[in-house]
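Please view the sequence and the structure below before reading on.

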Amino acid sequence: MEPLNTTPSSRTSPASRHAHAAEADLVVEGGRLVTPEGVRDGAVVIRDGRVDALVAPGDPLPSGPRLDARGRYVLPGLIDSHVHFRTPGLEHKETWEHGSRAALAGGVTTVLDMPNTRPPSLDAKSMRAKAALIAGRSYVDHRFHMGADPDHPEVLADLDPAVATSAKAFMAGHHTAPVVFREAHQLEAAFAAAARGNVRLVLHAEDQHVFDLLDSRGGDPESYDAYEPHRPRSGAIVAVAKVVHLARTHGTKVHVLHVSSAEETDLLAAAAAEGLPITFEVTGHHLSFTDHDTARRGPRTRLSPAIRAPRDRERLWQAVLSGEAATVGSDHAPHTVEEKNRPPAEAPPGLPGVQELAVSVWTGLLTRGIDADSAAAHLARLMGTGPADLFGLAGKGRLTVGADADLALLDPAARWQLSARHVQSLCGWSAYEGWMFTGRFTTVVTGGRVAWDLARGTVGEPRGRWLPGPAGPAPELAEAALPAMRDRELEGAAR
């Protein structure tokens, strides 16, 4: 696909017939560059799929095709470290092609996918097979969180970092969790093994025993205004307290996902201030909605953990603005409309969100009076350096010389209303339908090539890669692994 504003003359003029080394593959000029050192005007010179130079206004630029970024923030390609693209086994909800297109539309060029598919990814062999299934189908680069298996926690001690550096553990079950750490000794064994293997545990931190106790006194919710009290904050608070204790005991690196309440946030911030290796994520939907929305809108914001009170949302925003939150993630977890329209006790939790995440956070930042340069810096930290550093994503999340040439161009003042026709996810719906957003991604570059062009309504080729881990390139993907993967079906794996 040709870059925007590239004309034949820019390729054939006398200036472009210099030595090959002098010509850029792409020059992104006129934008406001969001770098780790600050936000400033300038141009990005791209060669061989990497950022070759950041050039100040007025300094000479090499010849080569141009991309006009005037009036745009030039962000590093964003990272969503919490998606469920439903491959393998659940492609009726989402396909990797649709999910990765939705990512591009939201300025996201790298994703970390969760393990609860059919079958779930509970070992290196299944993860290599999953990568083989995705090869040639992804529009974005990707890594995987492996699933932590309560029956085999020892796997975490010997996990090849080329395959994964993180593992997802569910401390509570719901409709679709594949395996759950129900017993204290299983969870402690996983923390100990992860510490030995230098694996970061990413946690769904709600306590199943708390929920079982509450369920023993009451039945399933019959309406959506009863949903949040059915799965209250107490389950999350108890779970986070256990996580803090185990991290202190074993020194395990921990990242707590989709924190939903003020009390969890306070506990996790205090643990981090103590020096424990604990970080946490806030989701776009917990920053956007409250339990009033769930009572009114029903299944579209029926989530796990539940959406909570306005005071919780405000505490989560404080964590975002203060730097207490390390990342924001979408928890992109699509279901079909038919599945979501089941009765409250049966409707699966989850919503699509990778496309909406960055613009919803951007809109929220501006609404709270944050100036545009500061908002851009927040976004680049929460969806750039934060997840890149946590999960060892070399070359990602920073607009700096030598980094991968992944860029997201944001029109900071565009006002637009999301409708179902904008949704790139296979499910075809969004909890944000009808929302007026400020800010829109107009162009996304991956590996130095334009991959998403809003004005033209075009998308590039699916060149996304399974990213190598710190131990080197990912192992060769053996076709022989695929039949065994398909045979290894575990009941109930999904979100």
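In this predicted model, helix H13 spans residues 357–367 and is largely enclosed by the rest of the structure, because nine of its eleven residues are buried. The buried positions run through Leu357, Ala358, Val359, Ser360, Val361, Trp362, Thr363, Gly364 and Leu365. After H13 comes Gly369, which has a positive phi, near 85°.

The structure contains ten aromatic pairs. One of them joins Phe144 and Trp466 in a stacked arrangement, with 5.7 Å from centre to centre and 25° between the planes. Phe144 belongs to strand S8 (residues 141–144), while Trp466 sits in the loop between strand S18 (458–459) and helix H15 (481–487); the pair therefore ties together parts that are 322 residues apart in sequence. Phe144 has a relative accessible area of 2% and is buried. Trp466 also counts as buried, at 12% relative accessibility.

Ring pairs also build a cluster, whose members are Phe289, Trp416, Tyr432, Trp435 and Phe437.

Charged side chains lie over aromatic faces as well. Phe144, the partner of Trp466 in the stacked pair, has Lys130 over its face, and Arg101 lies over the face of Tyr139. The table gives the distances.

| Charged residue | Ring | Distance from the ring centre |
|---|---|---|
| Arg101 | Tyr139 | 5.9 Å |
| Lys130 | Phe144 | 4.7 Å |

Phe144 thus takes part in a stacked pair with Trp466, ties together parts of the chain through that pair, and lies under Lys130.

Methods: Residues numbered from 1 in each chain as written. Predicted model: local features only at pLDDT ≥ 70, side-chain atom pairs only at ≥ 80, totals over all residues. Heavy atoms only, no water. Phe/Tyr/Trp six-rings, centres within 6.5 Å; stacked < 30°, edge-to-face > 60°. Helix = DSSP H or I, 4+ residues; strand = E, 2+ residues; numbered from the N terminus. Buried < 20%, exposed > 50% of the residue type's maximum accessible area, 1.4 Å probe, protein only. Lys NZ or Arg CZ within 6 Å of the ring centre and 35° of its normal.
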